[in-house]
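This report describes a protein assembly for a reader who has its sequence and coordinates at hand. Please keep the structure in view while reading.

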Amino acid sequence: MLGFIKKDLLMIKSNIKILAILLIIYVVMAFQGQMDLSFLLPFISVMIMMSTFSYDSYNKWDAYVISLPDGRKNSVKAKYLSTIILIIITTIIITILSFTISYAKTNMIDFENIVGTIFGSLFATVLLQSFIYPTIYKFGPEKARIVLMTIIFCIAIIGGFIIQYVDFSPIIKILNFIETYWIIVFLIAMVVILYISYKISEKIYDKKQM
Amino acid sequence: MENILEVKNLCKKYKEFELKNVNIILPKGMIMGFIGENGAGKTTTIKAILGIARDYTGEIKLFGLDNRKDDKKIKENIGVVLDDMFFPEILTPNDINSIMKNIYKNWDSKLYFKYLTDFALPNNKAIKTLSKGMRKKLEIVTAISHHPQLLILDEPTAGLDPVARSEVIDLFQSFIQNEECSIFLSSHITTDLEHVADYITFINNGNIILSKTREELLEDYGIVKCSKEEFEKINKKDFIKYKKSKYEYEILVENRKAFNKKYDIDTIDKITLEELMVLMIRGEK
């Protein structure tokens, strides 16, 4: 298992220079107040992991990996674990940078606001990746982009319709409850969503003809 | 003799192609060359052996173990080179070492780096910067650095220049010095197989049409070259296939000595695998 995780992490490492440059640009923009760093979390982690899928697909790694011991069993699991490691690392970096920028600009750290925003971004990241991965395993990274754009477009239209005609008062009550325990609720939700996504991806991969 | 690979009645159906009752037996300590034209079913057979292709029927055993039940045990003991399938090209040979030592129990980093040096492969350059030949050598080095007992190689010498091909063939021959080890390799470059293979198995349109020892094929089989008049005197039962060219008939016979005794035709040559392939596929009966 460790070998398969290492493979993804080494692929990420080989793109580290580009990532560092991107990060510097965003930090400068954040200093100037042009953007919030927390938005980087979903953007960077999705972008990095998508690129690993593209390289895998281009070199037919998914077929090659099956010729290795426990390759079929561990390949999908390793991708999810690498994602979790990447999300943890990027969250730590962005949290530290956000604190530093906040302190440098205002001489104080707006702890509650920063943690809240980063947690929101973290949730969005997990949600996005949990949705993207099974799509990639099913359609491949190239087709998955088109499928994803179509789905997002449909969600936007349906969402717009729902906002206009649905009564949201029961949902607001639930959100008020969540406000008290939001960290626990979000953490559990993230784990459950990611696990369901993993199981779906595993099933798709297991049945896939290479 | 113990068999290292046994394929029995392998069938696999695609929309436009089908493997039909493929049977292969590779004894321990031997090299089997697997030949056939593009799309004949070589890669599909290899994919089924490795469990990459699914939904096939039949039985596949490696080291006497069922490939579906004992997957991990089998894969610890095989080395694989697949046509156009490998590590993502942004990784380096060094990266491959740190990945593989966490995948194979018997991964031998020392041996791997020795092979890299022997083949003049760089340690720290991304795979994408390597030439096609260097990349192929890296794939082979990666396949043999965990002391496998069986190598399964799909077109391992494709894209290599004659010098590199000779190096690789030497490597295969030194691998086979250990009598516990075997090689199953598909190749278009039939001259390579004439040098190394103990057995030749020929697949055409999803069917195994021939599987014999190299001696049987290259010593017994023959190619008869004759005129139209001579051809018309030959009984159809005495040849396998024939091909008509502008000036002569080329006839594939199973036993050139027996044919020579029966017919008064002087030009009977030993056959090369390339001629055999062409006559078997393009010849008529």
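## Helix 3 of chain B

In this predicted model, seven of the eight residues of helix 3 of chain B are buried, so the helix is largely enclosed by the rest of the structure. The buried residues of the helix are B:Pro93, B:Asp95, B:Ile96, B:Asn97, B:Ser98, B:Ile99 and B:Met100.

Which elements cover these residues? The cover comes from both chains: it includes helix 1 (2-14) and helix 4 (61-64) of chain A, together with helix 4 (109-118) and helix 5 of chain B.

## The interface between the chains

The contact between the two chains involves 28 residues of chain A and 32 residues of chain B. Together the chains bury about 2700 Å², and 60% of this area lies on carbon and sulfur atoms.

How many salt bridges are counted between chain B and chain A? The count is two. In a salt bridge between A:Asp70 and B:Lys72, the side chains meet at 3.7 Å, taken from N to O. On the side of chain B that touches chain A, the elements giving two or more residues are helix 2 (71-76), helix 3 (93-100) and helix 5 (132-144) of chain B. The residues on this side of chain B comprise 15 nonpolar, 13 charged and four polar ones.

## Chain A as a whole

Chain A contains seven helices and zero strands. Read from the N terminus, its elements follow the order α-α-α-α-α-α-α. As a general point, an α-helix has 3.6 residues a turn, so residues three or four places apart point the same way.

The C-alpha trace of chain A spans about 55 × 45 × 30 Å along its principal axes. Chain A has 210 residues, of which 42% count as buried. Its accessible surface is about 11800 Å², and 75% of that surface belongs to carbon and sulfur atoms. Where contacts in chain A join residues at least 6 apart in sequence, 80% of them link residues at least 24 apart.

## A buried residue and its neighbour in sequence

B:Asn204 is located in strand 9 (residues 199-204) of chain B. Is B:Asn204 buried or exposed? Its relative accessibility is 17%, so B:Asn204 counts as buried. Leaving aside residues up to four places away in sequence, B:Asn204 touches B:Glu37, B:Ala40, B:Ile209 and B:Ile281.

B:Asn205 belongs to the loop between strand 9 and strand 10 (207-213) of chain B. With a relative accessibility of 48%, B:Asn205 counts as partly exposed.

## Positive phi angles in chain B

Most residues other than glycine have a negative phi. B:Asn205 has a phi near 50 degrees, a positive value in a residue other than glycine.

B:Asp84 is likewise a residue other than glycine with a positive phi, near 65 degrees. B:Asp84 sits in the loop between strand 6 (78-81) and helix 3 of chain B. The relative accessible area of B:Asp84 is 44%, and the residue is therefore partly exposed.

Technical notes
Residues are numbered from 1 along each chain as its sequence is written. Chains are lettered from A and ligands numbered from 1 in the order in which they are written. This is a predicted model: local features need pLDDT of at least 70, side-chain atom pairs count only at pLDDT 80 or more; totals for chains, interfaces and linings use all residues. Side-chain values use heavy atoms; hydrogens and water are left out. Contact means heavy atoms within 4.5 Å. Buried area is the accessible area (1.4 Å probe) that two parts lose on being put together, summed over both. A salt bridge is a side-chain nitrogen of Lys or Arg within 4 Å of a carboxyl oxygen of Asp or Glu. Helices (H or I, at least four residues) and strands (E, at least two) are DSSP runs, numbered from the N terminus. Ala, Val, Leu, Ile, Met, Phe, Trp, Tyr, Cys and Pro count as nonpolar, Asp, Glu, Lys and Arg as charged, and the others, Gly among them, as polar. Buried means under 20% relative accessible area, exposed over 50%, partly exposed in between (1.4 Å probe, protein chains only). Accessible areas come from the Shrake-Rupley method with a 1.4 Å probe; for residues, only the protein chains shown count as cover.
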